[in-house]
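Good morning, and thank you for coming.

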Amino acid sequence: IVFATKGGDDDGKASKPAVTTVGVTTTGAGATTTIAGTTTTTAATTTVAGEVIDGATLVAAMPTAAETPTGWDRYREPEANPAEENGSSYCNMPTEPERARALGLWALARGPAYGLPQGGWFTFDIFAFETDEGANDFLRAVADDANICTDTPVTYTEPESDADYMDESWGDFDWTVEEAAGASEVSIADDEALLRTTVQQRYSATIDGVTLQINRTFLVVYERYGRVVVEYWVGGDWNFVSSDPGMAEPDYAHQPAQSDLDDAVEAIRESLRSRLRDAGAT
């Protein structure tokens, strides 16, 4: 018996998102570090004039399948204005679309998702706000939410029918998920801003006397270009542990590294920013 291969989508999970690992202490994990609370280095922002941008405009700015690096496996197409309940959240707080709409969101688009050659997956979302200040306030709110469960992880259950880790012979059961998050300081300067977050999730269950554990990590960077925030993240499942010695770790297991995220962002950033600029979004 082996763990079943998983596609690696992050629908319905907190994502979201950094240089250090935070929160949950797990077998095989690196050192745990609590990231400092959020403060703003430069607060000056201005309202950006321009036309109202819609979700279709944001989708049109995204890279096509032909414009991404060789080896990226595109398994989900972009979506304009996804429902709020499909958005990411931290520490059982409101979803990002809910937060954004309360701060003057004009449009939201969910990016395509890619399986990466080294393992794990990469995707991004685009949030367009009415003003630069609304975009900055969004980043501050995300950072505050992410730091709520840095020292005290939240715990919830997720059915295997949603998690989809195991072979069908195991049937459906509930995983216990322990989740911790942390955010770096929001750095704001002129018309740009940066925020990094990390989420660590530990899945565990005992089925017919067999104990199971899986780690999931998200590394996220938020970059603001004028009144637009692009949230990029990588995710991966790793440290598959079982009390049954006959169970093997799947081939897709991968613990995301900061280089995975930085390299993926670097591959698409400039073309994305150029199209957003040409569309008047930034």
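In the largest nonpolar core, which has 28 residues, Y90, F138 and Y222 touch the most other members. A nonpolar core here is a set of buried Ala, Val, Leu, Ile, Met, Phe, Trp, Tyr and Cys residues joined through side-chain atoms within 4.5 Å; buried means under 20% relative accessible area, exposed over 50% and partly exposed in between, with a 1.4 Å probe and protein chains only. At least two residues of this core come from each of β3 (105–110), β5 (121–129), α3 (132–146), β7 (174–183), β9 (192–207), β10 (210–225) and β11 (228–242). Helices (H or I, at least four residues) and strands (E, at least two) are DSSP runs, numbered from the N terminus. The most is given by α3, with 6 residues. A second, separate core has 27 residues, including L116, Y225, L261 and A281.

This is a predicted model, in which local features need pLDDT of at least 70 and side-chain atom pairs count only at pLDDT 80 or more, while totals for chains, interfaces and linings use all residues. Residues are numbered from 1 along each chain as its sequence is written, and side-chain values use heavy atoms, leaving out hydrogens and water.

Let me turn to α3 itself. Because 12 of its 15 residues are buried, α3 is largely enclosed by the rest of the structure. Among the buried ones are D132, F138, R140 and D145. N136 also lies in α3, and N136 is buried, with a relative accessible area of 0%.
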